[in-house]
Amino acid sequence: MTWRLDDVIVALGSVPGSSLRGIIRASGAHMLSLFDKGFQPDDAEAWRSVRVPQRHPGHLTLPGLSSPLRVSVHCWPTSRSYTGQPLIEVHLPGSSPVLEGVLAELCRRGARVAKPGEFTLRAFLAGKLDLIQAEAVLGVIDADDDAGLRTALEQLAGGVSHRLAELRHDLLNLLADLEAGLDFVEEHLEFVARGELHARLSTARLFVEQLAQTTTGRMHHAGYPRVVLAGLPNAGKSTLFNALIGTSAALVSAQAGTTRDFLEATVTWNGHTFDLVDTAGWETVEQDIAAEAQRLRADQLTRASLLVWCTAADATAAERLIDEERRQSCPASKLLGIVTKADRVTDSNDGDATGLAVSAQTGAGLQQLREMIVAHWQRISRTESAWLGTTAARCQESVQATLVALTQAEQAAADPYVGEELIAVELRDALDHLGRIVGAVYTDDLLDRIFSRFCIGK
């Protein structure tokens with residue numbers, strides 16, 4: 001795709017279709033000349049001398065209309081706009097024929113219709129947004145729930161971008177100190193002590209390590225959050241699955257190991273949508289079919305946003321020991337433990353499992369479980385949603401490469417026999433990959449793939 005940044009571009013900035021108010025957006029160096037004819041501002045002097053962002057009410061005359069339109073022109077006449085160019089938004093009645101007529105007239109006067117994402121692309125190229133923030137614009141538009149919108153807005157606000165910028169700034173200063181020392185190696189001048197060098201590299205490596213974990217998590221969470229029911233065989237997972245979705249989707253039997261595949265259903269609780277997954281019981285097997293069921297179970301546990309660990313209330317003491325051992329092997333941050341088959345507990349066998357007691361047979365505790373899942377996911381998402389799944393997918397390889405380079409640099413700095421020129425090589429490699437993440441280093445193909453997914457007008 002060819003991007004012509006000198007062109008004046010126009011597009012519909014509001015939702016297509018009839019509405020009370022419509023918005024037409026225009027951007028480009030000579031954009032104001034489009035309104036030399038046809039626009040009669042209420043304050044002509046203020047319009048002629050416009051120097052700062054300002055709203056200009058007035059009338060717009062269109063060919064074919066018997067009377068002028070009452071409009072409000074919001075003008076950013078300098079580079080202090082979203083796109084980094086002079087920009088105008090025309091707010092007018094949201095009639096589709098009227099909006100199309102204004103767009104056609106502006107194109108007749110020399111503008112062209114913007115390509116998908118071209119306004120945000122210009123903002124990126126002007127340095128108003130980095131690539132991570134530009135992707136967040138699309139995330140805001142496409143968000144389908146509160147959690148997704150919150151993640152996109154945090155990314156757009158520059159949460160992770162600011163931290164990456166600080167990291168790049170520190171590593172650039174570190175590289176400058178190293179290379180200055182190499183230039184004056186014969187004078188034995190030390191611009192950064194070896195201990196300080198190692199400490200700063202260690203701090204940088206820890207940050208990128210956390211970022212890499214978040215990236216992997218967001219890759220798994222690109223769709224709805226996955227709530228996976230896990231536990232030993234015959235823990236009541238399939239019965240609970242059926243009760244939570246309200247249908248008999250899973251085959252239920254008193255015989256352990258009935259579930260061989262995994263089942264999935266989409267549910268919405270308290271305004272939050274999840275993919276609920278029922279998996280095979282956790283056991284060690286060698287038969288082909290059962291082994292495949294365990295492989296599928298392990299894959300679902302890896303992809304899980306939240307693990308609901310089911311411990312049967314009527315489990316024996318030996319089963320409880322195995323249950324606790326396997327439960328502890330799951331990530332604690334994702335784990336929510338519950339006690340299933342609560343209706344089977346008697347005074348003589350009240351068990352010692354901890355967690356919310358639920359019964360799929362009587363319905364006891366099911367609503368509390370739904371509320372706990374929503375609350376637990378909200379806590380997880382606040383800590384893990386550093387960026388959108390689409391951004392994580394693009395950056396995963398670069399984040400891993402940055403981590404490898406910083407790890408090798410840190411190890412080299414800890415070895416007194418390794419020269420600083422080798423540390424500098426690893427630092428340059430890390431900086432190159434960090435540049436790809438934020439867009440300081442990019443290709444036309446990369447920009448095409450990102451911005452072509454936008455809608456026109458954004």
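What follows is a conversation in questions and answers about the strands, helices and selected residues of a predicted model.

Colleague: Which conventions apply to the numbering and the model?
Modeller: Residues are numbered from 1 along each chain as its sequence is written, and side-chain values use heavy atoms, with hydrogens and water left out. This is a predicted model, in which local features need pLDDT of at least 70 and side-chain atom pairs count only at pLDDT 80 or more, whereas totals for chains, interfaces and linings use all residues.

Colleague: How many residues lie between β1 and β2 in their hairpin?
Modeller: Strand β1 (residues 9–12) and strand β2 (residues 19–27) pair in the antiparallel sense over 4 bridges, with Val10 opposite Ala26 and Ile9 opposite Ser27. Gly17 in the turn has a positive phi of about 110°, and the number of residues between the two strands is 6.

Colleague: Which residue of β6 is the bridge partner of Ser19?
Modeller: The strands β2 and β6 run antiparallel and are joined by 8 bridges. Within β6, the bridge partner of Ser19 is Gly94.

Colleague: Is helix α4 roughly parallel or roughly antiparallel to α14?
Modeller: Helix α4 (residues 131–142) and helix α14 (residues 444–451) pack with their axes 10 Å apart, at an angle of about 25°. Angles under 35 degrees count as roughly parallel, over 145 as roughly antiparallel, 65 to 115 as roughly perpendicular and the rest as oblique. The relation of α4 to α14 is therefore roughly parallel.

Colleague: How many charged residues are in the contact of α4 with α14?
Modeller: Leu131, Ala134 and Glu135 in α4 meet Leu446, Leu447, Ile450 and Phe451 in α14. Ala, Val, Leu, Ile, Met, Phe, Trp, Tyr, Cys and Pro count as nonpolar, Asp, Glu, Lys and Arg as charged, and the others, Gly among them, as polar. The contact has 6 nonpolar residues and no polar ones, and the number of charged residues is 1.

Colleague: In the open sheet of 6 strands, which are the edge strands?
Modeller: This sheet has mixed pairing and the order β9-β10-β8-β11-β12-β13. Each edge strand pairs on one side only, and the edge strands are β9 and β13.

Colleague: Which residue of β10 stands opposite Thr266?
Modeller: The strands β9 and β10 pair in the antiparallel sense over 7 bridges. The residue opposite Thr266 in β10 is Asp275.

Colleague: Is Asn270 buried or exposed?
Modeller: Asn270 is found in the loop between β9 (263–269) and β10 (272–278), and its phi is near 50°, a positive value in a residue other than glycine. Most residues other than glycine have a negative phi. Buried means under 20% relative accessible area, exposed over 50% and partly exposed in between, with a 1.4 Å probe and protein chains only. At 53% relative accessibility, Asn270 counts as exposed.

Colleague: Is Lys341 buried or exposed?
Modeller: Lys341 lies in the loop between β12 (335–340) and β13, with a positive phi near 55°. At 12% relative accessibility, Lys341 counts as buried.

Colleague: How many disulfides does the structure hold?
Modeller: A disulfide is a pair of cysteine sulfur atoms within 2.5 Å. Among the cysteines, Cys107 is partly exposed at 26% relative accessibility, whereas Cys395 is buried at 1%. The number of disulfides in the structure is 0.

Methods. Pairing = 2+ DSSP bridges. Axes fitted to C-alpha atoms, helices over the stretch in contact; angles between N-to-C directions. Contact = heavy atoms within 4.5 Å.
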